Amino acid sequence: MSETIAEALREPLSEQKMVGKSIKPRKDLQLLRGEGGYTDDLKLPNMVYAAFLRSPYAHARIKSIDTTRARELEGVVYVLTGRETAKQLVYWMQKPGMRTPERLSLATDKVRFVGEPIVAIAATSRAIAEDAVELISIEYEPLPVTIDAEKSLLEPGEAILYEEWKDNVLFHDQHRTEGTDEAFRSAECILKERLESNRYSPTPIETRGILASYDRTEKTLLVYASTQFPHVLRTFLSQTLDFPENKIRVIAPKVGGGFGIKSAVFQDEVSTVILSMKLGRPVKWIEDRKEHLLVAGHERQQVHYVECAFKNDGTLLAVRDKIIADFGSSGTFWTEVQPAMLTCASIPGPYRLRYYDFDLWCVVTNKAPCGPHRGFGRPVAAYVVERMMDIAARKLGLDPVEIRLRNMLDPKELPWRTPIGVLYDTGNYKDVLKRTLKLARYDELRKEQQKLLREEKFVGLGLATYVEYTAPASSRLQGPLGWAVGGWESCRLSADPSGKITAYLGMAGQGQAHETVFAQIISDELGVKFEDIVVEEGDTMHSPYGFGAWASRGTVTTGGACIKASRKMREKVLQIAAHLLKESSEDLQINESLISSKKSPNKSLSFREVADVSLRLSSKLPEDLEPGLDVISFYEPDAPTTCSYATHLALVEVDPETGSIKLLKYFIVDDSGVLVNPLTAHGQVHGSLAHGIGGAMLEELAYDSDGQLASSTFVDYLLPTADSMPEVFVDSIEIPSLTLGGFKGLGEGAAIPTAAAITNAIDDALSTFDAKRFLELPAKPEMVLSLLKRNAH
């Protein structure tokens, strides 16, 4: 892209420069004071509380359910079983070859994972509802259990989750590139490895929660939910419950983190709504932490049998990959098998890979369903390809930097289409890698590493990089993914007589400072003071339709919609002002809420005056111009994908006696296009990095052979804390995308290459031991000791 085009994409219409400023998020102080209103803070008149009886078995038939004693408990107002009312949760994804197992709001005849809800109870307090759960008697017939995806695929035996299938394959997909076999035949070095990634949870601070209130008189349904997609949830409930959508209102209050899992809908949430409709009164359910770990957001568990073909100089010729993805009992609404599909799509990374074959097997097991999780399949892809890059570098006697630079795409090669059709739009991958090395003072760190080695301190450096396609367009969502979802977003701008602006967005945030960053964009494009703009989102009654915050799409899609709506309003404002000032609209400019003549700067009107004329003093408007300043715009990027990318460098110290791993420093340079607010952008990077570190080193949803979750509390399921975080250094370059505004996605990126960077660093630290390579996650101390012991023997 030329510099002229890049500048055109960056430049707002006015002279204001709010985009690019590090402004503190407007709502942060309120949240720090504990003044944010979350779903669990809400209390409605006559409200009752829900609790669920969940299956203690991983696989069993339900022979009988006796709820008599629970119904008799004082304070219990309703006991709901699936056999009374079970609703089929709808699918929005129809991909050829993907099976669509029945998903009921409550289990009726069979349970397929520990934690599956069977009975829902409403009572006057949560404590009473939980007491009532203990009084329910269920007779189960235990069935054979499968918890190993490879065995479930190859040797299912009698442990078939859906008898009508005759096997446990949820989805099978494959891709072949013509020329892959020839590339392998011509290779001078072929490497084969089995790489395994771990299953872990999103663990937002605020767990899932829903408050439903059905009005029998008005026949309306009000739903407060901790959700990433209010409009999608509204449509989903309408379809699942066969209830008029225009009678449903969904409100997302403050949401304490989404991380993907709140762009899913589970059985317990639907059952809470059904309870409210049965009772005609508000019902609230808030997920406790054990429920969250049992049920929500299980992702990443995959085994890769990967083969890479290289020349001796390190040139990557071709990749073959067989992937077995453990999907638990099924996928979840609405992403289904997409996490594994995204893994396959992301394997090429930033490299000049022309030949790539894969076989993907999504397999069901007796574990909780596989749900969306920050990074969405891409962290596994980065782990696989970046580990193989380091393994190849060592095998071929190359520096990890050298092998990456040799294979990275050059800017002049972009746009580039990968072997499976993903379009890389703009970027400079090599520059970002080199900037990362400069930021870290890589050469100095290598010298220090050797010095410490002489002192018997084992320090390692690990590189990893990635390309993430963000904000996918409708053509990709509805085409290759088979998804009934749009890639666009919306913005409605409304001016009141005082000249203040309210922006109503179809998007809904979970802490990304939307109220600040979108006001910055609108301020520049419309020319109105930043402080005169209020951003509202999360209420389906007031906001235009939108698909929510996921796939790092918010700034790209909603930012574009804000620009379009601002330009539309600006055009009308200038038309009115030109009429009042007797000037041509082309000769007028708007800056800091003042409309003035470019020729005669003293000839001006305030934005408030124009807004007042458009509404209260409409007789002064030009003929044939409608009153009001209220516009709506929808924006979808022209390109099917918008790609961000980064390079990470981890510095670790390993104690070979105890296996302990200490993260010392961590360096990141990324390109997320035009940064609206560098302060909030880098905050997103830090948070996402913490998420990646947890998955790389600590977090694991471990099951025993009976399908019982062995890590169902924070005693066993470890999270990164402030004192376990390294010193973090972040820098960015800004190469505009081809989208309106030049933005790229950001929120998930730092979680993607983390595991690869850390394990590469651990391997580097242990290189003098000639220890067996790190090939599975998470990277725990006991794993280090195991690798060293295997080498000793």
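Student: What is the relative accessible area of Lys 620, and in which class does that put the residue?
Tutor: The model is predicted: local features need pLDDT of at least 70 and side-chain atom pairs count only at pLDDT 80 or more, while totals for chains, interfaces and linings use all residues. Residues are numbered from 1 along each chain as its sequence is written, and side-chain values use heavy atoms, leaving out hydrogens and water. Buried means under 20% relative accessible area, exposed over 50%, and partly exposed in between (1.4 Å probe, protein chains only). For Lys 620 the relative accessible area is 46%, so the class is partly exposed.

Student: Which residues does Lys 620 contact, leaving aside neighbours within four places in sequence?
Tutor: Lys 620 sits in the loop between α18 (607-615) and β25 (630-635); helices (H or I, at least four residues) and strands (E, at least two) are DSSP runs, numbered from the N terminus. Its C-alpha is 8.9 Å from that of Ile 576, 44 residues away in sequence. With contact taken as heavy atoms within 4.5 Å, the partners of Lys 620 are His 579, Leu 580 and Val 613.

Student: How far apart in space are Asp 496 and Leu 195?
Tutor: In sequence, Asp 496 and Leu 195 are 301 residues apart. From C-alpha to C-alpha, the distance between Asp 496 and Leu 195 is 59 Å.

Student: Which residues does Arg 406 touch, not counting those up to four places away in sequence?
Tutor: Arg 406 is part of helix α12 (residues 400-407) and is partly exposed at 34% relative accessibility. Asn 428 is 22 residues from Arg 406 in sequence, and their C-alpha atoms are 14 Å apart. The residues touched by Arg 406 are Asp 313, Gly 314, Thr 315, Arg 352 and Leu 398.

Student: How many disulfides does the whole structure have?
Tutor: A disulfide is a pair of cysteine sulfur atoms within 2.5 Å. Cys 344, buried at 1% relative accessibility, has its closest cysteine sulfur in Cys 362, at 7.6 Å, which is too far for a bond. Cys 491, buried at 0%, has its closest cysteine sulfur in Cys 562, and 3.9 Å is too far for a bond. The search of the whole structure gives a disulfide count of zero.

Student: What is omega for the peptide bond between Leu 777 and Pro 778?
Tutor: Most residues other than glycine have a negative phi, and most peptide bonds are trans. The bond from Phe 333 to Trp 334 is cis, with omega near 15 degrees, and Trp 334 is in the loop between β14 (316-326) and α10 (338-346). Pro 778 is in the loop between α20 (754-765) and α21 (781-792). The bond joining Leu 777 and Pro 778 is also cis, and its omega is about 0 degrees.

Student: What is phi for Lys 219?
Tutor: Thr 203 is buried at 13% relative accessibility. Lys 219 is in the loop between β9 and β10 (220-225). Phi of Lys 219 is positive too, near 55 degrees.

Student: What is the radius of gyration of the chain?
Tutor: The chain has 21 helices and 28 strands. The globule rule, 2.2 Å times the number of residues to the power 0.38, is set against a radius taken over C-alpha atoms. For 793 residues the rule gives 28 Å, and the chain is close to it, so it is as compact as a globular protein of that length; its radius of gyration is 28 Å.

Student: What share of the 793 residues is buried?
Tutor: The C-alpha trace spans about 90 × 75 × 50 Å along its principal axes. Of contacts between residues at least 6 apart in sequence, 80% join residues at least 24 apart. The buried share of the 793 residues is 63%.
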